[in-house]
Amino acid sequence: MASVIEETPRESDGVLARLVRPVRWYHLVIALVLLVFPFVSTGFWTVQIAAQTFILGTIALSLMLLAGYGGMVSLSQLTIAGLAGYMVAVFGGASGGLGMFWPPIVAIPLAILIATAFATLVGALSVRTEGIYTIMITLAVGMAFYFFVLQNREIFNAFNGFAGLRPPPVLGINWRQPEYFYFLSLTVAAFGYFLVLYLSRAPFGLALQAVRDNPRRMRALGFNIQAHRIAAHALAGFIAALGGVLMVWLNTQISPGSVGLGPLISILIIAILGGILHPIGPFIGALIFVLLDNFAMQLIGGDRFNTVIGLMFLLIVLFSPDGVLGLWKMARERLKASKKPSADW
Amino acid sequence: MKRLFTKVATAGALALAVGVGPAQADEPIRIGVLATLEGVFAGPGQDGVRGFEMAIDEFGGQVAGRDIRVYRASSDASPDSALRAARRLVESDNVDILIGPLSGAEGIAVKNYAHEQPQVTFLNGSSAAQQTTLENPAENFYRFSTEGVQWQAGLGTYVIEEKGYERVAILAEDYAFPYAQIKGFMTEFCAAGGTVAEKMFVPLETRDYSSVIARMPRDIDAIYVVMGGSDILNFLEQYQQMGGQAPLIGGSISVDQTILSAEGPTRDYLIGTPTSGPIADDWEDERWRAFQDRYREMFPDGLPSPGLFAHAYYVNTLAALTALEEVGGDLSDGHAAFREALNNLELETPTGVISVDHNRQAVADIFITEVASDGEGGLYNRVVGIREGVNQTLGFPEEEFLANGFAERDNPPVEDCQ
Amino acid sequence: MTLFVLTVLNGLTLAGLYFLVASGFSLVFGLMRNINLAHGSLYLLGGYIGYSTFRTTGSWELGVAVGALSMAVAGAVLQYCIFRFMEGQALRQTLVTIAISIIAADLMLWYWGATAYQFTTPDWVRGATPIPFLQLAYPTYRLFVLLSAVVVGIALWLFLNKTRIGIMIRAGVDDKDMLDASGVNVQVLFCVTFAVGAALAGLAGVLGGSYLSLAPGEDMRFLLASLIVVIVGGMGSIVGAAVGAVLIGLTEQFGLAYAPSYAPVYTFLILVFVLAFRPQGIMGRPVET
């Protein structure tokens, strides 16, 4: 748990200084690769692999914030994202003349607002419970939402859902273009990533982690622990909603299948696979998941995709609670230890 | 700095590896096939691919002297995953022709995607949603297989004239495919003077029908049931146990081989159940028999007889290859000649001649069948009629047909038929 | 009136099946605090194995026995190989069992395929039984499932309250360490409990599969159903499982009979309300925080 906060912030430092200090050379390399990538790859890699990784990563990031820092495993993060997506369709309009066709400047913020409000409500319901009960109540919310949109025709258009959803041309830019969509997704993902990173070191995030580790003491210290947890749900909901809006634009449609049990569990797998204790984890998990989803067919014949992903998931949770990041850390430490055998002794 | 260079170089190499220049005449023709090969619908998906392979095999893996290179992609039957798979085939594998997908909602998603990729020609797999070719159809999406509404052509008239069922209750699962089937059934049934006592929908994945059965109206001649194979087995078992006695009328996927070969006393109840669809297992026709024999020969582990899905994938793939052969494999000028050939194709298939209308939707024959006993304890679907040349608007002028709207939960309304 | 009575009967008989599945889940949780989200997989696997037995031997009764016994073994193996190493780590158990259920579902799909199977029940449970005082006949098999649930419920109660091993289990619920210290081999006790819980899932798989066919997806259905039942009723309480099962069974059937469109939503709403206002469940003891 201590590894979450590698460096203790000094009170005297400004926000910027606190964020800049831990920058290493490989951060710059990654940033450069991310910036150059769409110009050297095909549209398929830019959108289907990279942008999808950013989007799924962003939704999983919201789970990471709740689970990693708040100790609350919520299975309804994809439901929040899905609700935002549905609202984009309802307010922004979809093919077949469905929806309100309000201008995007109204429709998109409203969609995000509604999803965030819903997340806050789910949070208020679920913070009364602990551990497995939190998982169950959020799973129940997710499944109830799935069955509701499957049957509701008036708002959610039932089984058919909405199609023809595309990013509106804002600022005269066609955001459908692979490069633009890539940078849009990258911006949102980076925003979410740095927000969570900042939160982890801000007083709110530190208090949240303390509530996770010892709620009783925090309550005794005068913290309103329920309020902290609900606020975490609201923030996570906001991040998930951002991802959700991008998700419908990527898929160009949304239907009950997009918010069913399978995708719900996938978000959990993504967050755990990459590493639930650091905000970069969900993005690593998303990359692995997206690559497997697209190329498992060629590699293993495709029929047993679920066995492969399930086995990977099982091995990770059995042997590396901190996901792929944890494996990396273990490998690095072992390497260090073998290089300088005397250093730690 | 060296690491940086390596990473950029890798990204570049990756791009080179996945990007391929425009196809040339001596290059192989790239065909993608998209079916559901994972999850619950893997069975139908595999059968679809069998149909695809039969067509490729018929041409010896070559068309107009050019080799065929096949790319496969799988979905999990959700539109999101179908779109992802289609994108991979089109944008990463650079296929010229894409055949698929399997199910209705996927078909609509792929058709919408076809609008964005005018350089590729799409042919349907086995998806059978009405809207795919009737609402905002794509110029480059062809469907040589028929859809859910067409599949019930002739059934409404048949049950009134031959079976004397004039008043029915409708029981169906609550999603798009049954809506389409009900539309097809009610259009003729109501026009021929039949009445519908009640339409009852059960949410998908319902297994316990007992309370729905308890609600069933009593004053009916038959129940028209549109459910998947295993659900109808559950329903029938429970219906009989609750003392139900009304005969059944089946949707196209309700009374298939799996049900007929299921064991137990439930089964005999099905004798005399009429249904209709794009194929009939026991049609005594040489072309169909030959197709069946070839299927069994190629796939000893396959189904006892090619199913709906194998047939649909086969017909669509056959159309693509036949048209390609006709134009000598010419895909230049945005597939212009190839598409012209598809538009004018009179395709000879094991189920008769198929052509497409101005929306690129098949006009084909529909088979009306009735469950019969073979005298040795087995059941089969006996062909009792063929409705020839069924088009997408069931013979109505398109405007009149469209004015009634697409099939929906409450469309057509029961009130219009009482 | 007839519809009402029939719906009540439908709800109660469905509750019987839910109780069979959920009581096993609740038993395991009650003693060991083990969260087994692969419980639905045990239901489906037990059902499939029972079906294969039935197909080979032609005996439904044997299918029931083999379905339950094979899952008892599977349960003991799960406890011995997996849960033993993660006692008290609820989240880790949750994730590991989710992973197991994903793999199990895919492997079952591989082996048994996607077609639905249904047993042919023997003659003595087929047909309809007249209900006294009402001019009604009701399916015998559904009444049989309800009766089985009642019998299992009573047997579980006797087992937990009147037998030595049952008393040890209850002691384990209250204070595991003390029980360990008094010389009881807790590991064996845990394996036995897990085996009983899993056997109930397997039994339910065959009994349920005999009127609601076996198919992929049923594992998640019955997992969700048992989770809802035990959480609504109160985790770890057998009486709670019964109360929860009746509540959920009735809700589902009344939903289907009177307002089918949103039938699947109601049970989840009940769960949300119970968790929000009485997080320990109707019969559960308050959780310490």
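Select B:Val168 and then B:Ala222 in β9(B): the two residues stand opposite each other. Now widen the selection to residues 167-173 and 222-226 of chain B, which are strands β7 and β9. Strands here are DSSP runs of E with at least two residues, helices are runs of H or I with at least four, and both are numbered from the N terminus. These two strands run parallel and are joined by 5 bridges; two strands count as paired if DSSP finds at least two bridges between them. Strands of a sheet pair through backbone hydrogen bonds, either parallel or antiparallel.

This is a predicted model, in which local features need pLDDT of at least 70 and side-chain atom pairs count only at pLDDT 80 or more, while totals for chains, interfaces and linings use all residues. Residues are numbered from 1 along each chain as its sequence is written, and chains are lettered from A and ligands numbered from 1 in the order in which they are written.

Next, show the whole sheet. It is an open sheet of 4 strands in chain B, in the order β8-β7-β9-β10, with parallel pairing. Which strands are at the edge? β8 (195-202) and β10 (248-250) of chain B are, and each pairs on one side only. From one strand to the next the twist averages 20°.

Move to chain A and select helices α8 (203-213) and α10 (225-251). Their axes come within 10 Å and cross at roughly 115°. Axes are lines fitted to C-alpha atoms, for helices over the stretch in contact, and angles run from 0 to 180 degrees between N-to-C directions. On the α8(A) side, pick A:Ala207, A:Leu208 and A:Val211; they meet A:Ile225, A:His228, A:Arg229 and A:Ala232 in α10(A). Residues are in contact if their C-beta atoms, placed from the backbone, lie within 7 Å. This contact has 5 nonpolar residues, 1 polar and 1 charged. Ala, Val, Leu, Ile, Met, Phe, Trp, Tyr, Cys and Pro count as nonpolar, Asp, Glu, Lys and Arg as charged, and the others, Gly among them, as polar.

Then look between chains A and C. The contact takes 32 residues from chain A and 33 residues from chain C. On the chain A side, α6 (131-151), α11 (261-274) and α13 (305-319) each supply at least two residues, and α6(A) gives the most, with 13 residues.

Last, go to chains B and A, where the contact takes 37 residues from chain B and 33 residues from chain A. On the chain B side, α1(B) has the largest share, 9 residues.

Terms used: Two residues are in contact if their C-beta atoms, placed from the backbone, lie within 7 Å.
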